[in-house]
Amino acid sequence: MKEAVTITVNGTERQLDVDPAMPLLWVLRDELDITGPKFGCGMSLCGACTVHIDGVAVRSCTLPVAAVTGQVSTLDGLEADSLVQTIKDAWIEHQVAQCGYCQPGQIMAAAALLKENKDPSQEDIFAAMSNLCRCGTYPRILKAIQTASSNLRARGSKP
Amino acid sequence: MKNLGRRTFVFGSAAVVGGFALGYYAYKKPYKNPLLEDLEEGEKSLNPYVIVNKDGVTVIAPRAEMGQGVMTTLAALVAEELDVSMEQIKVIHGPASRAYFNEVLLTEAVPFTSLDESSAAKNARSATKIVTKFLGWQITGGSTSVHDAYDKMREAGAAARHMLVAAAAKKWGLNQDLLSTQGGFVTGKLDQKISYQDLAEDAVSVRPPKKVKLKNRSDWNILGTSVQRVDMQEKVDATATYGVDVRVPGMLYATVVQNPFFGGPGKYNPKNALAMRGVKHVVDLGELGIAVVATNTWYAMQAAKSLQVDWPKKKMPQDQAGHEQAVQEAFLQSRDSRNRNDGNVKKALAKPKDKIISGFFRSPYLAHATLEPMNATALWKGNRLDVWLGSQLPTRVKYLGEKITGAKSTNVHVHNVFLGGGFGRRAENDFAEQAIRLAHKLEGTPVKITWSREEDTTRDMYRPLSAAKYEAVLENDRIHALRLELAAPAVAASQASRLGLSIPGPDVTIVMAAWDAPYKIPNFQVNGYRVKQMLPVTSWRSVGASQNGFYLESIIDELAEKAGVDPVEFRLAHIEHDACRKVIEKARDLSGWTTPLAANRFRGFAFCVSFGVPVAQVIEIQKNGDKIKLHKAYIAADVGVALDPRNVKAQLQGGMLFGLSAAIKQKITVHDGRVEQTNFHLFDSLRLKEAPAIEVAILENLPSIRGIGEPGVPPAAPALANAIYRATGKRIRSMPFTDQVEFEV
C-alpha cells in the first residue's frame, strides 16, 4: 500500500510517504507545515485552499497528491515573486482583509488572473474571483485587483 | 420614549446580581494584573494593558480579533494616551483573564431602549456593571468591545504614561509637569530624553494614579483617523496564525464525529477505523462525540467517515414542518414578554375587518458558516494545560480547563489566536471542551481537533427560526395602532443552559430591535412568544435583530405603501429621535432617493436601531425580465464616535453583505431529525460578482460611542425585500428570498 510520492513545492522537491489519494492541501498543511493554504470546505467550493500549479490557480482540497504533476506554489512561498508582491501591496493599500482567513486563497486566485491578463475587465475579475469571503471584503478585493492591474501595467510600460 | 421606564424587566439581571452579592468593596477592588504571572526576563507590566520590554511597548487588546479590526482599534486607544505611534507597538490578545471582563455586556439588558439617555436608564445600565464584574466574562460579542474599552483602555494608556513620566521626573529631579512625551520617549529640559524602555524598571514602582486626565478629542493624533490594521501584513503574507494553523512539536491531528440527531452518545465499533492508515486512537468523548486521532487531519477525517455509529435521536420534531409548527404553537401559549405597550392597542384595533392591515412573516434557522471550521489544540502535560484556539469567550475555556483536568488556575494557559470568523459561534465552547477532554486522555501528546465542514454545518448552534404577525390601523396617513407579535426560541436561555446558568424572566432576544424601535405610534404593542428549544440556538451576528429588523421594516414599508406615503417620509413622520432622523435623511440623500431611476431600476429602504446604532440602508436593484440583480447599495449609520472611519465602513459593508447572503440564499432545515445542509453547495453566501458596490456615510450625533460589528446586518434583508416589492409588486414574507424570486448572477 505504501508508495513514495514526489512533488515540488515552492521550488523544493519533497518525497512523501503518504496515501496517494491524500489531497494536496493536507500534504501541504499537515505533512509539510505549510499553512498558507487554508481548509474551508473540502469540496472545492470556497477556494480558501487555492494554490498555484505551474502558475494556474487550483483548489488543493480535492486534488489527490498523486495527481500533482507541475510545480506547486503557495502564497507563503512566493515572497520573491514581483507580481504577487504587487498584489499584496495593493491588498495592504486598500486594507482588504478582515478575519483574513480567505485572503491567501483570494490573493492566489488574483495572482493567477493577473499573470494571464494584466488588464482584466470587471467581468474578467468576476469570472476569476469566485472564492468565498464571509466577512464581505469583496468591494476592497475588487479595488485592490484593479490597483494591482494598473500598477503592473505602469511598470510594464517602462523600458 | 418617555413611557419606556415602566416596562417589564428584560433580562432578569437583578436575579443574577443576587447570586453575586459580594458587596461594593469587592466590586470596586480591581482584578489583579494577569500579566504579572507570566512576564519574561526584562519585561515590565504597568497595568493589564501595557508591557514594556527592551523592544518597546506591547499593548494587550483583550477582545477576539475575528475580522472586526478590534485589535487595531483597542490598541489605538492605549497608544493615543501613551503617546506612541501604532508602528511602535506590538499588539497581542493576552491571556484569558477575568481582569479583561466585559463590563458593558448587559447594559442593553435593562428595561430601557438603547437610545434612552434618561438618568433612570443610565442608573439601570450602571447597575449591570456590578453583575458583569462578578461574572468576569472576557467575551467578545454584542458589538460591545469599543463601548467597553473606550474609557478604560484610554485610561490604561494615560496611567502608564503617568508612571513613565513620574519615573523620568524622579531620575532628573524635575517636576513631572515640566516633562512631555512623544513617540515612546519622555523629554525633559533641553536635550534630556529617555525611552519608555529605559524607564520601565523604575516606572513599575510608581504608584498608579487614582485619576487621569484624558486628551480632548481635538488633541487626538491616532484616534479618529483610519490607521493601518496591525494584523494586515501577516494576513496578506499568509503568516497569520489561526486556530487551525497551530502547530506544536509532536502533535497529532484529530477530528470529531458528533451525533447528527443531537441526541446523546452513540454505539459503534472502532475496529475498522483503528485499522485505517495513519489512525492512532479513537476516543469516546461521551456527549461531545467521538474523536478520531491520526497523524494527519485527512487520515482522521477518512476514518471518521468510516465509523458506523448508531445514534440516539433527540426528542424534538423530526422534520421542518414540525419545527415550523412549534413556532405557530408558541403564539397560542402564554406570552414571554410585552416590553412595549403604548396607548391602548386592543381598543385601537377594534375596527371593522376591512380597516385592519395584517401580515405574517417568517425566517429560518441559520448556520454561522465561519470560513475557518471549529477547531482547538490542547496539550496536557505535567499538570499543566495549554489550549490554543480562537475564542470569543476565553475565560470560559480556562474555566473548563480547570474543571476537566483539575489543574490550578495558574497552570491553565489559554492562547487565543486569530479567528477565521466568529459571528457568535466562537462564544460557544463545545470545540474547546472536546480538545481539552481529548488532551486530558492523551496525556503528554499535543492534539488538534479540526471539524469537517459537514460537522461545522450540521452541528452548529443556530440562529433561531422565528415568525412574526401583525395587525395595524392607519389614520390620517399615519400608523394609529400596531400590534407586533414575535415568536422564536430563546437564545439567551439556550446559551445560559450551556454555561450552567438559568436566566429568569423574559428573553430579550425574541423581541430585540422591535420592542425598542424608535417609532412613535400612539398605540404600539410588541409581544414576545417563546418557542420550545429544539435545535440548539445561539447568537448569530446581530442576534434577534437579524430577523426582527426584517419583520418590522417590511411592515413599515407595507404600511407606508397602504398609506400612499413615500417610505422614507413615512418613517420620518414617526420618528422624533434626532440622530435617527439624521441617519434616515443621510441615506435618503446619499442614495439620491428622490431622484428618478433608470428604466427597470428600483430602490428599497430600511432603517433599524440595533446595539444602540441607528443604520439606514438603501438597495437599488435592476429587474431583468423576471430576474433581480443587485445594482448598488447605500448605508448611513451613527456610531457616536468613529474611532477608525475606514474600519467602521468595512464593518458596515461586511455586515450588509452578511445580511444579504442570509436574505437571498441561506436556510437551515431539518429532515429525518438532522440538518439537511452540509456544505457550501447547500448553504452558500454571496460571491464577489453578486456583491453590489456599497457607499457609506458615517455620522457622529449619538451622545456615546457604539460598536459596529453587528448593526450593519439587520436592515439588509428588508431593504432588499422592499426593493423587490417595488419591482415586482410581490411582498416577500420569508427568507431566503431565492425560494420566491430569481436572482441574476
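The dialogue below takes up these features in turn.

Analyst: Please keep in mind throughout that this is a predicted model.

User: What does B:Val387 touch, leaving aside residues up to four places away in sequence?

Analyst: With those neighbours left out, B:Val387 touches B:Ala376, B:Ala378, B:Val397, B:Gly401, B:Val414, B:His415, B:Ala432, B:Ala435 and B:Ile436. Among these partners, B:Ala432, B:Ala435 and B:Ile436 are buried residues of helix 13 of chain B.

User: How should I read that helix, and how many residues of helix 13 of chain B are buried?

Analyst: An α-helix has 3.6 residues a turn, so residues three or four places apart point the same way. Helix 13 of chain B runs over residues 430-441 and reaches 17 Å from its first C-alpha to its last, close to the 16 Å expected at 1.5 Å a residue. This helix is mostly covered, with 10 of its 12 residues buried, including B:Phe431, B:Arg437 and B:Leu438.

User: Turning to domains, where does the assignment place them in chain B?

Analyst: In chain B, domain 1 takes 31-102 + 137-228, domain 2 takes 243-309 + 374-450, and domain 3 takes 333-366 + 461-743. The centres of domain 2 and domain 3 of chain B, taken over C-alpha atoms, are separated by 37 Å, and 7 residues of domain 2 are in contact with 9 residues of domain 3. On the side of domain 2 of chain B that touches domain 3, there are 5 nonpolar, 1 polar and 1 charged residues.

User: What is the corresponding assignment for chain A?

Analyst: Chain A is assigned domain 1 (5-77) and domain 2 (82-156), and 21 Å separate their centres, taken over C-alpha atoms. Their contact takes 14 residues from domain 1 of chain A and 12 residues from domain 2 of chain A. Strand 3 (50-53) and strand 4 (56-59) of chain A each supply at least two residues of the domain 1 side, and the largest share of that side, 3 residues, comes from strand 3 of chain A.

User: How many residues does each chain give to the contact between chain B and chain A?

Analyst: The contact takes 49 residues from chain B and 45 residues from chain A. On the side of chain B, the largest share, 6 residues, comes from helix 19 of chain B. By class, that side of chain B has 22 nonpolar, 16 polar and 11 charged residues.

User: Finally, do strand 14 and strand 19 of chain B pair in the parallel or antiparallel sense?

Analyst: In a regular strand the side chains alternate between the two faces of the sheet. Strand 14 (residues 357-363) and strand 19 (residues 466-475) of chain B pair in the antiparallel sense over 7 bridges, and B:Ser363 has B:Ser466 in strand 19 as its bridge partner. Strand 19 of chain B also pairs in the antiparallel sense with strand 20 (residues 478-489) of chain B, over 9 bridges, and B:Tyr470 stands opposite B:Leu484 in strand 20. In the hairpin of strand 19 and strand 20 of chain B, which has 2 residues between the strands, B:Asn476 takes a positive phi near 50°.

Methods. Residues are numbered from 1 along each chain as its sequence is written. Chains are lettered from A and ligands numbered from 1 in the order in which they are written. This is a predicted model: local features need pLDDT of at least 70, side-chain atom pairs count only at pLDDT 80 or more; totals for chains, interfaces and linings use all residues. Two residues are in contact if their C-beta atoms, placed from the backbone, lie within 7 Å. Helices (H or I, at least four residues) and strands (E, at least two) are DSSP runs, numbered from the N terminus. The expected span of a helix is 1.5 Å times one less than its number of residues. A residue is buried if 20 or more other C-beta atoms lie within 10 Å of its own, exposed if 12 or fewer, and partly exposed in between; C-beta atoms are placed from the backbone. Domain bounds come from an automatic or database domain assignment. Ala, Val, Leu, Ile, Met, Phe, Trp, Tyr, Cys and Pro count as nonpolar, Asp, Glu, Lys and Arg as charged, and the others, Gly among them, as polar. Two strands pair if DSSP finds at least two bridges between them.
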